[in-house]
Amino acid sequence: MSDVRIGIIGGGLMGRELVGVCGRWDLLIDHPVRPRVVAVADPAPGARGWFERVPSVTTLTDDWRALVESDDIDVLYIAVPHDLHEEIYTAAARAGRDYLAEKPFGIDLAAAERIVAAIDASDAFVRVSSEFPFYPGAQRAYAYAASGALGDILDVRSGFWHSSDLNRAKPINWKRRSATCGAIGVMGDLGLHVAHLPLRLGWQPSSVYGRLDDVVTERPGPDGSAVPCDTWDNALLVCDTHPRSGGRDFTMLWETRRIAPGHSNTWYIDAVGMDGGVQFSTRQPTLLRRFRVAGGEQAWEETQPGNVSSWPVVSGAIFEFGFGDALLQMWASYLAERVGALGDRFGTATPAEALESHRVFAAALRSWQTQAPARP
Ligand SMILES: NC(=O)c1ccc[n+]([C@@H]2O[C@H](COP(=O)([O-])OP(=O)(O)OC[C@H]3O[C@@H](n4cnc5c(N)ncnc54)[C@H](O)[C@@H]3O)[C@@H](O)[C@H]2O)c1
């Protein structure tokens with residue numbers, strides 16, 4: 001098992017999550033590599049200070065360029081505000097650095113196009129963070145849909161509902177400002193999570209109608225007085241969809257909500273066709289529902305997917321799977337693919353998939369502005 005030295009650019013919420021992933025790495029059975037975080041770049045002293053507790057971290061700096069240029073780092077994890085994606089992702093690609101980048105992969109479509117062009121012109125191995133498809137139930141749902149068991153597809157719904165912004169008194173931050181989050185708002189925050197499995201299944205939106213909602217328009221600023229909160233909180237995308245494998249076009253809904261009362265962090269996918277259907281939600285991670293038409297009967301089947309994941313773990317197969325497990329599986333997938341050891345397992349989202357999702361989000365924004373469907 002070879003060591004992989006990781007440098008984190010952006011030591012906030014997601015940067016810290018990676019420390020948890022590395023700490024649990026020994027749960028994985030027979031993985032080809034072992035990551036450890038050795039360096040962190042973040043201009044915020046408080047963010048850097050948190051990493052002083054991590055024994056493997058030997059470099060703490062306020063300058064991300066120091067990590068991009070370092071020969072003592074094998075892989076970068078870049079988890080910074082969206083307005084910084086383009087500059088750092090393109091610089092890392094030009095330096096030939098392998099990295100896992102956070103979504104949405106550029107603040108808008110034009111930035112995503114320039115990032116992908118820089119990657120295509122480099123030897124860097126780059127993937128994009130999207131962990132929910134690594135839930136065992138989601139993997140089984142994906143495999144069932146990919147097998148053709150659904151027959152002619154009629155209806156697909158893919159969504160992410162959380163309520164991080166239900167509290168109107170929550171102070172403003174970069175995620176709630178268009179200038180730093182992006183004009184696509186919640187679609188930039190949650191959209192790739194919703195798009196990843198459908199795009200991997202070859203379900204290609206050909207036309208989009210976007211319904212966008214800015215629910216909370218002001219939030220407390222640094223001094224407590226109200227400042228504009230000008231990002232879209234919720235978005236519903238109604239997509240005419242063409243299956244790349246052939247067959248009839250169908251309707252697909254992509255739903256992203258930061259304000260979904262009654263939900264905390266619910267990611268789901270539902271798909272139904274003439275011969276079968278599948279439903280999985282992280283709200284009930286121990287349950288996978290599959291439907292099939294057999295012998296003239298419509299039959300639903302409930303399976304308990306347990307903790308049987310792409311990368312087997314020493315934990316009991318019956319234990320519940322959670323967010324931290326999904327991140328562990330995603331990193332296992334990324335680092336294995338990087339060394340050619342992915343095999344036929346599910347791969348992390350690609351730059352091409354992130355770019356495709358941006359095309360759909362940009363079309364949804366145009367559609368809402370013109371009140372007419374738009375082509376991605
Ligand atoms: N995959 C997921 O489930 C998931 C969840 C949340 C956020 N994200 C994504 O991760 C990224 C970061 O989000 P977060 O929630 O960690 O945000 P965060 O605000 O918690 O952390 C961002 C960090 O970036 C640092 N930063 C700012 N400018 C920097 C610079 N020039 N160089 C280096 N660091 C800099 C900030 O100081 C902060 O510590 C975003 O792209 C976001 O969309 C992904």
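**Exercise 1. Determine how the shell around the ligand divides by residue class.**

Solution. The shell around the ligand comprises twelve nonpolar, five polar and five charged residues. Here Ala, Val, Leu, Ile, Met, Phe, Trp, Tyr, Cys and Pro count as nonpolar, Asp, Glu, Lys and Arg as charged, and the others, Gly among them, as polar. The ligand is surrounded by 22 residues, of which Gly10, Gly12, Leu13, Met14 and Glu102 are the closest; a residue is near a molecule if its C-beta atom, placed from the backbone, lies within 6 Å of it.

The model is predicted: local features need pLDDT of at least 70, side-chain atom pairs count only at pLDDT 80 or more, and totals for chains, interfaces and linings use all residues. Residue numbers start from 1 along each chain as its sequence is written.

**Exercise 2. State the strand order of the open sheet and identify its edge strands.**

Solution. Helices (H or I, at least four residues) and strands (E, at least two) are DSSP runs numbered from the N terminus, and two strands pair if DSSP finds at least two bridges between them. The open sheet has six strands in the order β3-β2-β1-β4-β5-β6, with parallel pairing. Its edges are β3 (59-61) and β6 (126-128), each of which pairs on one side only. On average, neighbouring strands of this sheet are turned by 25° against each other, direction ignored.

**Exercise 3. Classify the crossing of helices α1 and α9.**

Solution. The axes of α1 (residues 13-23) and α9 (residues 323-338) come within 9 Å and cross at roughly 80°. Axes are lines fitted to C-alpha atoms, for helices over the stretch in contact, with angles from 0 to 180 degrees between N-to-C directions. Therefore α1 is roughly perpendicular to α9, a class that spans 65 to 115 degrees. Glu17, Gly20 and Val21 of α1 meet Gly324, Leu327, Leu328 and Trp331 of α9; contact requires C-beta atoms, placed from the backbone, within 7 Å. The residues of this contact are four nonpolar, two polar and one charged.

**Exercise 4. Describe the side of domain 1 that touches domain 2.**

Solution. The domain assignment, automatic or from a database, gives domain 1 (2-128) and domain 2 (135-310 + 350-370). Their C-alpha centres lie 26 Å apart. In the contact, 17 residues of domain 1 face 17 residues of domain 2. On the side of domain 1, α5 (109-120) and β6 are the elements that give two or more residues, and α5 supplies the largest share, five residues. This side divides into ten nonpolar, two polar and five charged residues.

How values were computed. Angles under 35 degrees count as roughly parallel, over 145 as roughly antiparallel, 65 to 115 as roughly perpendicular and the rest as oblique. Two residues are in contact if their C-beta atoms, placed from the backbone, lie within 7 Å.
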